[in-house]
Amino acid sequence: MSDPLSKQATASEIARAVMSGKAKAVAVVEAALTRIETSEARINAFTDVLAERARRRAAEIDSGRHRGPLVGVPFAVKNLFDIKGLPTRAGSKINREHAPATRDAALIERLEAAGAILVGALNMGEYAYDFTGENAHYGPSRNPHDPTRMTGGSSGGSGAAVAAGEVPLSLGSDTNGSIRVPSSLCGLFGLKPTYGRLSRAGSFPFVDAFDHLGPIARSVEDLAISFDAMQGWDPDDPVCTGRPADLTLTDLGEGIGGLRIAIAGDYFARGAEPEALEAVATVAKALGASKTIVIPQAAAARSAAYVITAIEGSQLHLPRLRTRPQDFDPDTRERFMAGALLPGAWYVKAQRFRRHYRAQVQKLFGEVDIILAPATPCTAPKLGQVMMKLGGVELPVRANLGLYTQPISFIGLPVVAVPTRRAAAMPIGVQVIARPHHEAAALRVARHLEKEGVASAPPA
């Protein structure tokens, strides 16, 4: 077991130490705040540090006022989550002028009900329209494994803070890949749950049709504990499912017996750098998976996801685009303005295709339980890099880091991003994709890979 005051400690190790009396929550929080202060000049993960709030909460825990499976665990959230007393930035300059939130987002409340301690808000791509982790207003989050490289986005601060060991657990959002891309580039475990599984109440929206919230951590156990703590219907989120909680922690040790696991071919086997395909092959070998399947029309799904994203996102921000265009990140502004010019008929057609695509993919889950695919087409690009070469073709970095994530979130499937071990090399992840509401199966696979030493997420 790692020292609960060290950056190596996972959330579950900290909780066990605090619960048993081997560590004080106040000491855990002070250690985290010291790491944040020491690391931030290099990493730039945080936009707000809530030191006094965290200290008060830790003192209450040490006095016996709070218990739970995450007791004493410091965590931080992407700054599109409402935090009582702070304006919800959503990575923007404009939102800093908003009134402070009057209550915490639903998932913050649920993690704190489980004993966790919020220590701050995290940097992100403006309005979540980003795959790089770069921000014109607050600067880029930097990859702790190599600070000259991107974290991925838009949950860039969420990835950087956990990979640097500043906190063991963070929350991000994933519309087209914004949990999975930073998890892959920063070498972390990340969970994008089924659409509607976790409440989005108290978070700044991007694309209602695709927005998900979920955890990023350095162990599969931490994903399961936090996911279980955050489940439950919420009347404040109209798409949040009323389905009873499907607890996952107790299933982690069941292994992969009985699971039918396949590798996504065709679209998911093209256009990637060798390290991305090697990661999938390594994971497949460890799982004994040799069957290859084709997810039909994945390229069309990605195109349709782009159309829906561009149109919904631009409509949300149209008033700001008309009155304050100069206050947007120029890259974000251009993408929103382009979306505002797309014909409405394209949106209708994309949504119709979405229903067709969902039905086709659901048929595949009659044959398999788990599908493996690359999480990103490459390891982390350099900060400021605009173009990259994939499969011999020069492509824009910002748009194409989500090449393999968009066709999956397009229909809300649950995914665990699994970091593969690569000696003396930048990390890269693999998507472990399950049918809707089968997060437990994906987490079982991830835990098996972790136990076998194929996947791991040590802090940088």
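Visitor: At roughly what angle do the axes of helix α8 and helix α14 cross?

Guide: This is a predicted model, in which local features need pLDDT of at least 70 and side-chain atom pairs count only at pLDDT 80 or more, while totals for chains, interfaces and linings use all residues. Residues are numbered from 1 along each chain as its sequence is written, and side-chain values use heavy atoms, with hydrogens and water left out. Helices (H or I, at least four residues) and strands (E, at least two) are DSSP runs numbered from the N terminus, and axes are lines fitted to C-alpha atoms, for helices over the stretch in contact, with angles from 0 to 180 degrees between N-to-C directions. The axes of α8 (residues 274–287) and α14 (residues 439–451) come within 10 Å, and they cross at roughly 90°.

Visitor: How do the residues of the contact of α8 with α14 divide by class?

Guide: Contact means heavy atoms within 4.5 Å, and by that criterion Val283, Ala286 and Leu287 in α8 meet Val445, His448 and Leu449 in α14. Ala, Val, Leu, Ile, Met, Phe, Trp, Tyr, Cys and Pro count as nonpolar, Asp, Glu, Lys and Arg as charged, and the others, Gly among them, as polar. The contact of α8 with α14 therefore divides into 5 nonpolar, 1 polar and no charged residues.

Visitor: Which residues of α7 does α1 meet?

Guide: The axes of α1 (residues 11–20) and α7 come within 8 Å and cross at roughly 70°. That makes α1 roughly perpendicular to α7, a term for angles of 65 to 115 degrees, where under 35 is roughly parallel, over 145 roughly antiparallel and the rest oblique. From α1, the residues Ala11, Ser12 and Arg16 take part, and their partners in α7 are Glu221, Asp222 and Ile225.

Visitor: How many of the residues of helix α7 are buried?

Guide: Buried means under 20% relative accessible area, exposed over 50%, and partly exposed in between, with a 1.4 Å probe and protein chains only. The buried residues of α7 include Val220, Leu223, Ile225 and Phe227, and also Asp222 and Asp228. Helix α7 (residues 220–230) is thus mostly covered, the count being 9 of its 11 residues.

Visitor: Which residue has a side-chain oxygen that reaches the backbone nitrogen of Asp222 at the start of α7?

Guide: A polar contact is a pair of N or O atoms within 3.5 Å; within protein, one must be able to donate a hydrogen and the other to accept it, and residues adjacent in sequence count only if both atoms are side-chain atoms. At the start of α7, the backbone nitrogen of Asp222 has such an oxygen within 3.1 Å, and that oxygen belongs to Ser219.

Visitor: Which side chain is joined to that of His212 by a polar contact of 3.1 Å?

Guide: His212 has its place in strand β6 (residues 212–217), and with a relative accessible area of 4% this residue is buried. A polar atom of its side chain lies 2.5 Å from the backbone oxygen of Phe210. The side-chain partner in the 3.1 Å polar contact with His212 is Lys192.

Visitor: What percentage of the 460 residues in the protein chain is buried?

Guide: The secondary structure of the protein chain comes to 14 helices and 13 strands, and its C-alpha atoms fill a box of roughly 60 × 55 × 45 Å along the principal axes. Among contacts between residues at least 6 apart in sequence, 78% join residues at least 24 apart. Of the 460 residues in the protein chain, the buried ones make up 64%.
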